[in-house]
Amino acid sequence: MSERLEPGLLDEFAAALDAERRALLVRDTDGLRQACAAKSDCLRRLSASDAAQVAGSALIERLRVLADLNRANGELIARRRRDVDWMLSR
């Protein structure tokens, strides 16, 4: 059974994504670990939320923006991994 979308959950998700990006940029492994845990928790709660509540609402655009931020963080993670792989291959 789906749960009602919690007020503030998208704000929490945005904050977790921002924290993740900051940690990636400054190479803060502890901060990254905390941000990833917060992001995972938000994603779990979002996936348990009622999708019908979001469909056709103003939340759709906010979710798109957050998805773009998540993809950008993923690209940064991939870039960091390539850098590490390159350094280890030398």
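1. A contact, as the word is used here, means heavy atoms within 4.5 Å. In the protein chain, residues 24 or more positions apart account for 79% of the contacts with a separation of 6 or more.

2. The model is predicted: local features need pLDDT of at least 70, side-chain atom pairs count only at pLDDT 80 or more, and totals for chains, interfaces and linings use all residues. Residues are numbered from 1 along each chain as its sequence is written, and side-chain values use heavy atoms, with hydrogens and water left out.

3. The protein chain holds four helices and zero strands, in the order α-α-α-α from the N terminus. Helices (H or I, at least four residues) and strands (E, at least two) are DSSP runs, numbered from the N terminus.

4. The C-alpha trace spans about 50 × 20 × 20 Å along its principal axes. The radius of gyration of the protein chain is 15 Å, whereas a compact globule of 90 residues would have a value near 12 Å. This radius is taken over C-alpha atoms, and the globule rule is 2.2 Å times the number of residues to the power 0.38.

5. Of the 90 residues, 24% count as buried. Buried means under 20% relative accessible area, exposed over 50%, and partly exposed in between (1.4 Å probe, protein chains only).

6. Helix α1 covers residues 9–26, which makes 18 residues, and reaches 26 Å from its first C-alpha to its last, close to the 26 Å expected at 1.5 Å a residue. The expected span is 1.5 Å times one less than the number of residues. Buried residues of α1 include Leu9, Phe13, Leu17, Glu20 and Leu24. The buried residues of this helix pack against α2 (29–47) and α4 (59–89).

7. Leaving aside residues up to four places away in sequence, Arg45 touches Glu6, Leu9 and Glu12.

8. Most residues other than glycine have a negative phi. Arg27 lies in the loop between α1 and α2, and counts as exposed because its relative accessible area is 58%.
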